[in-house]
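Student: Could we go through this one together? I'd like to begin with the backbone and then move on to the ligand.

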Amino acid sequence: MIKSINDSAVLHNGVKMPWLGLGVWQVKNGQEVINAVKWAIEAGYRSIDTAAIYGNEEGVGKGIRESGVPREELFITTKLWNGNQGYESALKAFEKSRKLLGLEYIDLYLIHWPVKGKYVESWKALIKLYNDGLVRAIGVSNFHIHHLEDVIRETGFVPMVNQVELHPWLSQKPLIEYCRANKIQVEAYSPLMRGHIKEIPLLAEIGQKYGKTAAQVVLRWDLQNEIVVIPKSVKQHRIRENADIFDFELSAEDMKKIDDLNRNHRFLPDPDNINF
Ligand code: 1BO
């Protein structure tokens, strides 16, 4: 059972990755992201998830430094944007992200989306960064099973993480099974359905039994499914609320009720049909 904000998933190379992190997609660079990062670290988070396309790596770096928590206690993720995919351009983009963040190394570097014809070459660049010791773990995001099969077949190197859209309306069970079988840690983005959890009264009803909110119920459901989760918020009380999920356990019956909400609904595009 995951009992503390300090508990971590262990990736297939032995690196520990906190089960809970702060996501900063659509958080403004500057004071907004600096505050969010500092409040999260103050609340006990040790993992922050950004990306080149979010445009806030610089602010994330400032927030980390201003938090006063030693760098080695933190787990920082960033991602390679689609327009920079390919071998040489991925290496350059990584260097730019690392400089903007002001970090000597990154904990986890991900390919943001499987850009057709490019993601295998990008993956080879990430393997080089890993072998050069510039990044502690490498992975992918928005990869279907067939994309994962491609990079594994072409390189023999299994991604440590696959970060995907995952929430009660998109439970991703077949992908989770494949990842488990291949020791790929699944990580959920948009876990709170971009605000749409309000439309599911069952979540608040379940929460009442445990003295928790609908959001806390969903985040706990992720943890009990051994999914790393990165809820986004820029509000200090929400950042704290999202971290208050380590003192209760959903029953098997409630877990099943949430599983049964799945309707394979995406708020973001299907990774097989991206045009960006
Ligand atoms: C376009 C960004 C999706 C979440 O990382």
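**Backbone, contacts and ligand**

Tutor: N142 is buried, its relative accessible area being 4%. Please keep in mind throughout that this is a predicted model.

Student: Where is N142 found?

Tutor: N142 belongs to the loop that runs between β7 (135–141) and α5 (145–155). Its phi is near 60 degrees, which is a positive value in a residue other than glycine.

Student: And K183, what about its phi?

Tutor: K183 is not a glycine, although its phi is positive, at about 60 degrees. This residue is placed in the loop between α6 (173–181) and β9 (185–189).

Student: Is K183 buried or exposed?

Tutor: K183 has a relative accessible area of 59% and therefore counts as exposed, the cut-off for that class being over 50%. N142, by contrast, is buried at 4%, because buried means under 20%.

Student: Switching to D49, which strand is it in?

Tutor: D49 is in strand β4, which covers residues 47–49, and with a relative accessibility of 2% D49 counts as buried.

Student: Which side chain does D49 have a polar contact with?

Tutor: The side chain of D49 is joined to that of Q163 by a polar contact of 2.8 Å.

Student: OK, now R194, where is that?

Tutor: R194 lies in the loop between β9 and α7 (201–210), and at 40% relative accessibility R194 counts as partly exposed.

Student: How far apart are R194 and K232?

Tutor: In sequence R194 and K232 are 38 residues apart, while in space their C-alpha atoms are 9.2 Å apart.

Student: On to the ligand, then: which residues are around it?

Tutor: Around the ligand are W25, Y54, H112 and L268. Taken alone, the ligand exposes 220 Å², and the protein buries 91% of that.

Student: How does that shell divide into nonpolar, polar and charged?

Tutor: Three residues of the shell around the ligand are nonpolar and one is polar, with no charged residue.

Student: What lies 2.8 Å from an oxygen atom of the ligand?

Tutor: That is a polar side-chain atom of H112. For Y54, an N or O atom of the side chain is 2.5 Å from an oxygen atom of the ligand.

Student: Last one: which pocket does the ligand take up?

Tutor: The space taken by the ligand is the largest pocket.

Conventions:
Residues numbered from 1 in each chain as written. Predicted model: local features only at pLDDT ≥ 70, side-chain atom pairs only at ≥ 80, totals over all residues. Heavy atoms only, no water. Near = heavy atom within 4 Å. Polar contact = N/O pair within 3.5 Å; in protein donor to acceptor, adjacent residues only side chain to side chain. Areas by Shrake-Rupley, 256 points an atom, 1.4 Å probe, with all protein chains shown as cover. 1 Å grid on protein atoms, 1.4 Å probe; cavity = no way out; pocket = protein on both sides within 12 Å on 5 of 7 lines; lining within 4 Å. Sits in = over half its atoms within 2 Å of the grid points. Nonpolar A, V, L, I, M, F, W, Y, C, P; charged D, E, K, R; others polar. Helix = DSSP H or I, 4+ residues; strand = E, 2+ residues; numbered from the N terminus. Buried < 20%, exposed > 50% of the residue type's maximum accessible area, 1.4 Å probe, protein only.
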